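Let's take a walk through a protein chain together. Have the sequence and the 3D view ready, and take your time with each stop.

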Amino acid sequence: MTDVDICNLALLDLGQPAIGAIDNTTKAGRAFEVGYEPTLQELLRDHPWNFARKRIVLAPDPTVPAFDWDNRFKLPSKCVRVLEVNDALTKYKVEGRYLLVNDTAPEVIYIERVDESEFDPLFASAFAAVLAARLCIHMTDNASAVQQLLAVAKDKLDAAKATNALEVP
């Protein structure tokens with residue numbers, strides 16, 4: 001699945017024609033240029049999705065925090081949410097794009113902004129439904145359809161989260 005495939009699923013929900021690219025040549029393309037990535041980031045941060053879960057041992061940053069923490073580590077550029085550091089008991093703080101922790105080589109589990117080809121199919125469907133709800137008024141001028149699309153999106157997100165939870169012992 002690609003970003004355009006996901007946008008076309010959203011457009012299908014809206015009863016709108018498909019696009020060939022996310023660009024400024026169509027009304028839909030312009031809307032997805034603005035709304036796609038922020039909506040995706042919100043959904044990735046909202047839940048510990050297994051398909052986007054990654055592990056890394058971080059290397060220290062040369063800048064030491066001014067107080068409270070022993071070390072600072074730059075987070076991976078595609079990290080959208082830190083889930084765990086070392087174990088559930090390790091205290092840490094995320095400040096900007098850095099992890100502050102009293103450790104010299106923290107083992108970090110995080111959610112990464114992965115390529116669409118790695119999306120779980122249920123997540124991709126839910127994401128498209130959320131996009132459809134978000135862009136409904138802009139694309140259709142039909143305010144009454146928003147609530148219906150939000151309900152569909154919620155149901156799809158709930159199903160994706162429930163299935164995701166089954167894969168975690």
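Predicted model: local features only at pLDDT ≥ 70, side-chain atom pairs only at ≥ 80, totals over all residues.

Residues are numbered from 1 along each chain as its sequence is written, and side-chain values use heavy atoms, with hydrogens and water left out.

Let's begin with the big picture. The chain has four helices and six strands (helices are DSSP runs of H or I with at least four residues, strands are runs of E with at least two, and both are numbered from the N terminus). The C-alpha trace spans about 55 × 35 × 25 Å along its principal axes. Of the 169 residues, 40% are buried, meaning under 20% relative accessible area with a 1.4 Å probe, protein chains only. Take the contacts (heavy atoms within 4.5 Å) between residues at least 6 apart in sequence: 65% of them join residues at least 24 apart.

Now find helix 3, residues 121-140.

Helix 4 (residues 144-166) packs against helix 3 at an angle of about 160°, with the axes 8 Å apart. Here axes are lines fitted to C-alpha atoms, for helices over the stretch in contact, and angles run from 0 to 180 degrees between N-to-C directions. That angle makes helix 3 roughly antiparallel to helix 4, a label for angles over 145 degrees. The crossing is left-handed, so the near helix is turned anticlockwise from the far one by less than a right angle. On the helix 3 side, the residues that meet helix 4 include Leu122, Ala126, Ala133 and Ile137, and their counterparts in helix 4 include Val146, Leu149, Ala153 and Thr163. By class, this contact has 17 nonpolar, two polar and one charged residues; Ala, Val, Leu, Ile, Met, Phe, Trp, Tyr, Cys and Pro count as nonpolar, Asp, Glu, Lys and Arg as charged, and the others, Gly among them, as polar.

Next comes helix 2 (residues 27-46), whose axis comes within 10 Å of that of helix 3 and crosses at roughly 130°. That makes helix 2 oblique to helix 3, the word for angles left over once those under 35, over 145 and from 65 to 115 degrees are taken out. This crossing is right-handed, with the near helix turned clockwise. The tally is 14 nonpolar, three polar and three charged.

Stop for a moment at Gly35: is this residue buried or exposed? Gly35 is buried, with a relative accessible area of 9%. Leaving aside neighbours within four places in sequence, Gly35 is in contact with Leu131 and Arg134. Gly35 and Arg134 are 99 residues apart along the chain, yet their C-alpha atoms are separated by 8.0 Å.

Last, helix 1 (residues 3-14) has an axis that comes within 8 Å of that of helix 3, crossing at roughly 55°. Helix 1 and helix 3 are therefore oblique to each other. The contact is made by residues including Ile6, Leu9 and Leu14 of helix 1, and Ala128, Ala132 and Met139 of helix 3. By class, the contact of helix 1 with helix 3 has 13 nonpolar, one polar and one charged residues.

Definitions and conventions. Buried < 20%, exposed > 50% of the residue type's maximum accessible area, 1.4 Å probe, protein only.
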